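Reader: Can we go through this one together, a question at a time?

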Amino acid sequence: MDSHCSPSRLVLIAFFLLCFLAGDSSARRPGFYYTRHRGRCTPQYWSSRREAWPRMVPERSTVEKMFGVMVAKERWRSDLTLAESTARNDEEGNAYGALLKQGIAALLNSYARRSFSYAPWEVKTMLIQAMISEPAARRQAQKFSAANVACD
């Protein structure tokens, strides 16, 4: 028997070694090509209730109480709570749903995070102003989303 390894055996050994190393490193990162950002300032984080909500923004408070009757009646039901709003999954293709979800997360961050980009009054004003049209709502939702992701 020949004690030398044939090139095909070397390739096979290299392949198994590569698979072993690649399998080891994938345990440290998600297995999906696309993953949502779940930092400490996103709507997903706030809806998980891992951290107490600021006292100024109680979870059981309604959208109507926080942003006004006219805003709430225009697009959402009057008894929709802030906690329910952060857990919604209707933002795909729904500019107003995305605006509400990202806007409430931005409002929570403005009270809970000193380094957040906006003050509470700015968040409320921008959300109300963005209700004018669907493109305005979409743009403002994207701005809130960027600020929420960047606040970590």
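Reader: How many of the 18 residues of α6 are buried?
Author: Helices here are DSSP runs of H or I with at least four residues, strands are E runs of at least two, and both are numbered from the N terminus. Buried means under 20% relative accessible area, exposed means over 50%, and partly exposed lies in between, using a 1.4 Å probe on protein chains only. On that scale α6 is mostly covered, and its buried count is 16.

Reader: What should I know about the model before reading on?
Author: It's a predicted model, where local features need pLDDT of at least 70 and side-chain atom pairs count only at pLDDT 80 or more, while totals for chains, interfaces and linings use all residues. Residues are numbered from 1 along each chain as its sequence is written, and side-chain values use heavy atoms, with hydrogens and water left out.

Reader: What is the secondary structure of the protein chain?
Author: Along the sequence the pattern reads α-α-α-α-α-α-α-α. That comes to zero strands and eight helices.

Reader: Which backbone nitrogen does Asn-94 reach at the start of α6?
Author: A polar contact is a pair of N or O atoms within 3.5 Å; within protein, one must be able to donate a hydrogen and the other to accept it, and residues adjacent in sequence count only if both atoms are side-chain atoms. Here a side-chain oxygen of Asn-94 comes to within 3.2 Å of the backbone nitrogen of Tyr-96.

Reader: Why do the buried residues of α8 sit on the same side?
Author: These residues are Ala-136, Ala-137, Gln-140, Ala-141, Phe-144, Ala-147 and Asn-148. Taking the directions from the helix axis to the C-beta atoms, they share a side of α8 because they cover an arc of only 130°.

Reader: And which exposed residues does the opposite face of α8 carry?
Author: What covers the buried residues includes α2, α6 and α7. Turned away from that buried side are the exposed residues Gln-142 and Ala-150.

Reader: How are the rings of Trp-46 and Trp-53 paired?
Author: Rings of Phe, Tyr and Trp (its six-membered ring) pair if their centres lie within 6.5 Å; planes under 30 degrees apart count as stacked, over 60 as edge-to-face and the rest as tilted. The structure holds four such pairs. With centres 6.3 Å apart and planes at 80°, Trp-46 and Trp-53 are edge-to-face.

Reader: Which residues does Ser-61 touch?
Author: Ser-61 sits in the loop between α2 and α3, and at 11% relative accessibility it counts as buried. Contact means heavy atoms within 4.5 Å. Leaving out residues up to four places away in sequence, Ser-61 touches Met-66, Leu-80, Thr-81 and Leu-82.
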